[in-house]
Amino acid sequence: AIFNFQSLLTVILLLICTCAYIRSLAPSVLDRNKTGLLGIFWKCARIGERKSPYVAVCCVVMAFSILFIQ
């Protein structure tokens with residue numbers, strides 16, 4: 001997934017969606033790791049929460065491209 005740009009975008013988009021979902025279920029899991037290497041997951045959750053309309057549009061566009069273009 002690293003060498004294919006579309007696969008890399010898919011992985012990043014799924015990471016953002018997954019982290020936002022986990023934070024909605026159990027916020028204490030991600031909130032205690034705001035810094036360091038595990039802080040990446042907290043930042044992804046924040047992006048998923050604050051930019052949710054844009055993330056949703058990106059999910060729809062990515063699904064369309066995977067289903068109909070490839």
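Predicted model: local features only at pLDDT ≥ 70, side-chain atom pairs only at ≥ 80, totals over all residues.
Numbering runs from 1 along each chain as its sequence is written, and side-chain values use heavy atoms, with hydrogens and water left out.

What does Glu49 pair with? One partner is Arg23, and the two side chains meet in a salt bridge at 2.6 Å, N to O (a salt bridge being a side-chain nitrogen of Lys or Arg within 4 Å of a carboxyl oxygen of Asp or Glu). This pair links distant parts of the chain, with Arg23 in helix α1 and Glu49 in helix α3, 26 residues apart (helices are DSSP runs of H or I with at least four residues, numbered from the N terminus). Glu49 also forms a salt bridge with Arg46, at 3.6 Å from N to O.

Now back to Arg23. With a relative accessible area of 17%, Arg23 is buried. It has another salt bridge, to Asp31, where the closest N and O atoms are 3.0 Å apart. Asp31 itself is partly exposed, with a relative accessible area of 25%. In general, side chains of opposite charge can pair when their charged atoms come close. Searching the whole structure turns up 3 salt bridges, and through shared partners Arg23, Asp31, Arg46 and Glu49 end up joined into one network. Setting aside neighbours within four places in sequence, Arg23 is in contact with Leu30, Asp31, Trp42, Ala45, Arg46 and Glu49 (contact means heavy atoms within 4.5 Å).

How do the two helices sit relative to each other? Helix α1 covers residues 5-25 and helix α3 residues 39-50; they pack at an angle of about 90 degrees, their axes 7 Å apart. Those axes are lines fitted to C-alpha atoms over the stretch in contact, with angles running from 0 to 180 degrees between N-to-C directions. The pair is therefore roughly perpendicular (the label for 65 to 115 degrees). On the α1 side, the contact is made by Leu15, Ile16, Cys19, Ala20 and Arg23, and on the α3 side by Phe41, Trp42, Cys44, Ala45, Arg46, Ile47, Gly48 and Glu49. Sorted by class, that gives 9 nonpolar, 1 polar and 3 charged residues (Ala, Val, Leu, Ile, Met, Phe, Trp, Tyr, Cys and Pro are nonpolar, Asp, Glu, Lys and Arg charged, the others, Gly among them, polar).

Also in helix α3 is Ile40, partly exposed at 42% relative accessibility. Its C-alpha atom lies 9.6 Å from that of Cys19, 21 residues apart along the chain.

Further along, an unreviewed UniProt entry lists residues 52-69 as "transmembrane region"; positions follow the numbering used here, feature names are shortened, and annotations may be inferred rather than shown by experiment. In the model, that span is 100% helix and 0% strand, and its end C-alpha atoms lie 25 Å apart.

Notes:
Parallel < 35°, antiparallel > 145°, perpendicular 65-115°, else oblique. Buried < 20%, exposed > 50% of the residue type's maximum accessible area, 1.4 Å probe, protein only.
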